[in-house]
Amino acid sequence: MFEFSVIGGRTARDIIKRSRKQIVEEVRATYLAHEDGDSVNPNSYFLRFPEKPDSRIIALPAYLGGAYNVAGIKWISSFPGNIKNKVPRASAALLLNDYETGYPFACLEASQISAARTAASAVLAAEELTGRRTAARLTIVGAGIIARNILEFFQAQEWDVDDLVIHDRIPEYGQAFADYAGADLGYPARIEADLKTAVDGADLVVFATTAGEPYVLDPAAFAPGQIVLNISLRDIGPEIIAAAQNVLDDIGHCMTANTSPHLAEQKYGHREFIAGTLAQVIRGEVEVATDRPVIFSPFGLGVLDLAVGTHVYRTAQESGEAVEISDFFGETQRW
């Protein structure tokens with residue numbers, strides 16, 4: 001009961017690197033458990049700052065049952081201003097709690113965990129919505145850490161990509177990502193400065209940016225049958241959302257915080273453009289449309305952090321990579 005472990009970011013990333021396939025399966029199982037109600041996933045709490053309107057720290061509490069039977073909370077910050085100083089935008093910690101006693105038993109550096117669960121969710125959605133692991137053209141919009149993780153998970157899932165296109169508003173970032181994709185992942189990539197050109201003709205488009213409000217506004221931006229992974233949630237205008245088939249990870253959570261689907265609901269006063277959840281697609285309860293674009297918008301559920309965090313914790317325990325703090329609790333008896 002009184003054991004407490006700390007797992008740093010390098011250890012977490014090493015474990016994630018060698019178990020990406022398993023993490024995709026953990027994410028799949030978690031989506032299904034959540035759909036079945038074997039979880040508690042309250043609304044996220046956003047801490048905002050009057051003098052830093054683009055910055056926030058988010059608390060994501062959750063409980064995940066089944067083989068996990070763990071509670072916890074992720075505390076993740078997003079400070080876009082970090083980027084100009086060449087510092088990652090996001091930083092995070094994850095606290096895991098024992099379900100029987102409520103005692104915390106581990107603290108993990110969680111930016112790696114958060115990026116991994118986001119990437120695994122994206123690649124799982126790509127596989128379920130396309131029914132394959134091939135792309136004639138994969139376009140990635142945004143060249144940051146999340147984009148890198150997503151492409152790493154595509155590679156881990158052994159996707160064949162004929163043409164990888166990178167678009168970023170800062171050319172140096174795009175080029176660095178393209179160089180990494182080719183040299184480290186075996187995906188030769190090309191840079192496209194014009195967003196419309198980058199998206200046109202792609203069978204799979206991934207948005208992984210830091211956009212705070214929609215800038216993709218042309219109703220003809222996406223073609224029928226095109227699969228769009230709206231990972232950054234706020235790039236796409238409500239008119240486009242309303243005309244597409246929309247698949248979410250959790251409808252209640254995603255229809256908040258001025259995400260693209262939430263903006264569409266506010267503008268049109270209904271949710272008829274939502275087809276269902278990714279879990280329903282996995283189970284064959286929602287058929288993927290071919291007569292309009294298909295947009296996947298994952299709000300990012302705390303239960304996914306618990307699943308991936310528990311996997312990292314258990315692996316670190318087994319391999320001896322966790323740092324144990326034997327006297328973390330000052331009192332271990334009531335009297």
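Which residues line the second largest pocket? In this predicted model, local features need pLDDT of at least 70 and side-chain atom pairs count only at pLDDT 80 or more, while totals for chains, interfaces and linings use all residues. Residues are numbered from 1 along each chain as its sequence is written, and side-chain values use heavy atoms, with hydrogens and water left out.

The lining consists of L195, K196, V199, D200, F207, Y215, V216, L217, D218, A220, A221 and F222. A pocket here is an open set of points on a 1 Å grid over the protein atoms alone, where a 1.4 Å probe fits, with protein on both sides within 12 Å along at least five of seven lines; lining residues have an atom within 4 Å of a point. Its volume, the space filled by probe spheres set on the points, is about 170 Å³. Helix 6 (residues 195–199) gives the most to this lining, with three residues; helices are DSSP runs of H or I with at least four residues, and strands are E runs of at least two, numbered from the N terminus.

Turning to the packing of helices, helix 2 (residues 20–35) meets helix 3 (residues 111–130) at about 75 degrees, with axes 9 Å apart. Axes are lines fitted to C-alpha atoms over the stretch in contact, and angles run from 0 to 180 degrees between N-to-C directions. The two helices are therefore roughly perpendicular, a class covering 65 to 115 degrees. I23, V24, V27, R28 and Y31 of helix 2 make the contact (heavy atoms within 4.5 Å) with A116, R117, A120, S121, L124 and E128 of helix 3.

Notes
Angles under 35 degrees count as roughly parallel, over 145 as roughly antiparallel, 65 to 115 as roughly perpendicular and the rest as oblique.
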